[in-house]
Amino acid sequence: MATADAKRRLRERPIGATVALTIVGYALVVGTFLLDVPLYPDLTQAQINLLTHVIAVINTATVALLIAGWYWIRTGDVEKHRAAMVGAFSLILLFLVVYLIRVGGGGEKLFVGPQRVYYAYLIMLAIHIVLSIVAVPIVLYALLLGLTHTPSELRETAHARVGRIAAATWILSLVLGVVTYVLLNHVYDYEFAAIIVPLF
């Protein structure tokens, strides 16, 4: 009964639910960066490196699921599409947990390499971060529509249009994230630095 009630509310107010979930997600990330919350374990550099590699694997698997989901909806296989997109979203939730533990419990890696590559790295990283921020509400909205409507009902919603934007934004962001990971961790070098928490 409670589940049906919640689904009905989400179905009737997808924008409100999207806004609420977006705020929660942003608050978790911003709070981890700006507040010294004793929630996360202190990590060694080796543990931070391990979590960095785990994040790259999660993001690569997410890209694979998103591309598969895009392919399946183009071929009309709605069930496989839905499974792929729910799987991709589940992986992103796992990413968020691992990412927050890594950031909250450790430091950051600073790119060390040729200046031209450094600037290209910064541009890609900036685009990745901006697209990650922008993708959150778009992805949540498309997902909520997809989970609360039948395939025939979805034709009467913005799901297909928003879903195309969400998938494209999400894929580009993740691919750039993986490229910057490879440059930082495997092609060039980095310096490790503790995260400085700003005081207000």
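His-159 counts as buried, because its relative accessibility is 17% (buried means under 20% relative accessible area, exposed over 50%, partly exposed in between, with a 1.4 Å probe and protein chains only). This is a predicted model: local features need pLDDT of at least 70, side-chain atom pairs count only at pLDDT 80 or more, and totals for chains, interfaces and linings use all residues. Residues are numbered from 1 along each chain as its sequence is written, and side-chain values use heavy atoms, leaving out hydrogens and water.

| Residue | Relative accessibility |
|---|---|
| His-159 | 17% |
| Asn-49 | 17% |

His-159 lies in helix 7 (residues 159–187). Helices are DSSP runs of H or I, at least four residues, numbered from the N terminus. Beyond its neighbours within four places in sequence, His-159 is in contact with His-81, Ala-142, Leu-145, Gly-146 and Leu-154 (contact means heavy atoms within 4.5 Å).

Asn-49 belongs to helix 3 (residues 45–74). Neighbours within four places aside, Asn-49 is in contact with Lys-109 and Tyr-190.

The axes of helix 2 (residues 14–34) and helix 5 (residues 115–148) come within 9 Å and cross at roughly 140°. Axes are lines fitted to C-alpha atoms, for helices over the stretch in contact, and angles run from 0 to 180 degrees between N-to-C directions. Residues of this contact include Pro-14 and Tyr-26 of helix 2, and Ile-133 and Leu-145 of helix 5.

Definitions and conventions
Helix = DSSP H or I, 4+ residues; strand = E, 2+ residues; numbered from the N terminus.
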